[in-house]
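Thanks for coming. I'll keep this short and go through one structure, starting with a pair of helices.

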Amino acid sequence: MSLLGENFMTEEGEFVINMGPQHPSTHGVLHLKVWLDGETIKKVQPHLGYIHRSIEKMSERLSYRNFIYATSRMDYLSAHINNQACALAVEKGLQVEVPARAQAIRVLLAELTRLQSHQLWWGCTGLDLGAVTPFFYAFREREAIMEIFEETCGARLTQNFCVPGGVMYDVNPNFQKRVKDVMQQIKSKYREYEEILTGNVIFENRTKGVGYLSKEDAISFGVTGPTARASGISCDIRKWFPYDGYEKLDFEEVVMEGGDCYTRYMARIEEMKQSVHIIEQMIDNLPEGDIQGKTKNVIKLPKGEFYQKVETARGELGVYIVSDGAASPYRIKYRSPNFSNLSALETMSVGTKIGDLVAIMATIDLVIPDIDR
Amino acid sequence: MNQLLEISFSSLASSIHSWLSSAIANATILNVVEMAIAGVCLLVFLVPLCFVLGYMERKVAAFMQLRLGPNRVGPKGTLQIVADTVKLIFKEGLTPNASDKFLFNLAPIIVVVVSMLVMAPIAFAKNFQLWDLNIGVLYVTSISSIAVIGILMAGWSSYNKYSLLGAMRSGAQIVSYELSVGLSIISIVIMTGSLKISDIVMSQADGWWIFKGHLPIFISFVIFVIASTAEINRAPFDLSEAEQELTGGFHTEYSGMKFAMFLLAEYINLFVVSAMAATLFLGGWMPFHIGHWEAFNHIMDFIPSSLWFLGKTFAIIFIIMQFRWTFPRLRVDQLLNLEWKYLLPISMVNIILVTIMAIMGWYL
């Protein structure tokens, strides 16, 4: 058996490993070609396209009401926020006023989405580092949130609740009570989280000082979201370019210095607390009124270009619509957060060990269908 | 009652021996036949043991993870593990095309045989020991280190890059951690002055070493548990498997019965390590005695010695299982740092303390 060859070992003695598309910790069909010197990573090359469904091209054939729901399948953990971004972009073109109640429901669901996405990320981070138990604890709280979605939206993962001009239906009568219960539950479980992962010696050794991403690199790679904020960049779209009434809410943008896996971890934990804070201040004063603004049955955007960006659980999602005045978009482009975040992976992981690569991937919080679209 | 049980065990053995020696004249053949009987007994003991450990692991994991665990097959799910074994036996054992087929098939056998060999000198109860050889402790440490050859073989012959990485990790890990295991065993050997398992157990008649030996022996005990968890490749030291990094490490390519053999070896190793910890530090089959509390000691004597041994062993197994479901995995360099920068120096200093204690007679 020959050990030399392009896909086994280079002539300099570097070991070539294909991590993925089927690998337990690439969270989907990401394919990383990794060059190793012993256990040390020399080079990482992501290979994309295993789950490309051409959502952008597909949307050119769909009406402005329908294309929104294709985006649920991009970043499926932030499905509602993706829908919200599209709805906002269409509303921008239509110049339609969104009622206050609809905005509040959207933001509430968006923050619940962010919370459940971070819950899942927390569990998976533990799992990737070899601790299986946190995964189950994370799913306990996430399940409670999913049940709220199920009750109000009818779906658990791809809520499809946003329509241009508002939301599809009013919330379930139980909504407020259940959300308050879940918030109580989540707040009481923070201590458990801290004890099982955050304060663990092995966990701290595995994450502190690992996968450093400098502020300059983060900016030049276009990294956004908690990953960038952990490198000290203030880039929360909710603060800088508020939409759907975020400007009226009291919350803090979590910006941390450090740029390593541990800071990224802490940034997301803090963000979860901020989301709980947002939900708690909104849940008791949901405005009364309509849930949809006035829109025509067949939406036609005026000729022109429309861009809207929102903050998903992973970073900045941009929706760019070019309209030629017809009933479906002429061209659509999504700026997805994971694609840019993934590009910084090699910078973070060169020189580290294989185990660190897994930790770094976990703390970037990749969702592969969002990269390929 | 315990007298009854022990008499029955030893008398059973001696009556079998006298019956065989009357039937077989040649002493060598007699020896071989007796060894074969002992081996079959061991196998009959090991398979249910692995079922119990497998069931226990799944239940411990389930209760730590807010689940119920197996609860469908058989009463309380106890037969689930039997069903899984049957499934593994009937599964096709794949052998990769490019693999070194001889080594690939040999590796699981070596791993299992080694872990079974280590069972020989373990004292399960009073007068119930397969082979009480005079270097029992040395035998256990030396034989158990052969297991790494099986793992290296599996990793090399699979023709899989993950397997090779896992095997190399495993080699570095086991060779390093053996030192700490050895040194903590030596601390007990210094105290008792014997390598014989029965002597070590007898030396704890008036108190287990973990109580008699003060702090140094307690440190040895902790180091022994940590280092032997690493030596048997269990989480948080399961770097050679490292599911999230290496997709299964050295046994990535194994399936069916060959995979089951690795699993079997893992559980036997878990038992052996815990049994050794119980024998060396917690008195083996010795009941728990307190000084001059005659009545209390007498009641303790009524609990059969085999129950004492198994109880202590399973208590340690329980602790090691909790490690697995609580901690994240260490990185490979941190694993070696832990051994060479912390455990080994501490054991070295500890050995000196133990030696001073033994010379001055400062125990008990």
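In chain A, helix 11 and helix 14 are roughly parallel to each other, because their angle falls under the cut-off of 35 degrees. Keep in mind that this is a predicted model. The angle itself is about 25°, and the axes of helix 11 (residues 261-283) of chain A and helix 14 (residues 354-364) of chain A are 9 Å apart. The crossing of these two helices of chain A is left-handed.

Which residues make the contact? From helix 11 of chain A they are C261(A), R264(A) and Y265(A), and from helix 14 of chain A they are A359(A), I360(A) and T363(A). By class, that contact has 4 nonpolar residues, 1 polar and 1 charged.

Next, the sheet. Chain A has an open sheet of 3 strands, ordered 6-7-8, with antiparallel pairing. Strand 6 (304-311) and strand 8 (331-335) of chain A are at the edges with a single partner strand each, so each has one side without a neighbour in the sheet. From one strand to the next, the twist averages 10°. Strand 7 (residues 316-323) of chain A pairs with strand 8 of chain A over 5 bridges. In one of the pairings, G318(A) has R335(A) of strand 8 of chain A as its bridge partner. Helix 3 (residues 79-94) of chain A lies across strands 6 and 7 of chain A, at about 145° to strand 6 of chain A.

Last, the contact between the chains. Chain A gives 27 residues to it and chain B gives 23. On the chain B side, helix 11 (243-246), helix 14 (305-326) and helix 15 (332-360) of chain B each supply at least two residues. That side of chain B divides into 11 nonpolar, 5 polar and 7 charged residues.

Conventions. Residues numbered from 1 in each chain as written. Chains lettered and ligands numbered in written order. Predicted model: local features only at pLDDT ≥ 70, side-chain atom pairs only at ≥ 80, totals over all residues. Contact = placed C-beta atoms within 7 Å. Helix = DSSP H or I, 4+ residues; strand = E, 2+ residues; numbered from the N terminus. Nonpolar A, V, L, I, M, F, W, Y, C, P; charged D, E, K, R; others polar. Pairing = 2+ DSSP bridges. Axes fitted to C-alpha atoms, helices over the stretch in contact; angles between N-to-C directions. Parallel < 35°, antiparallel > 145°, perpendicular 65-115°, else oblique. Left-handed = near helix turned anticlockwise from the far one by under 90°.
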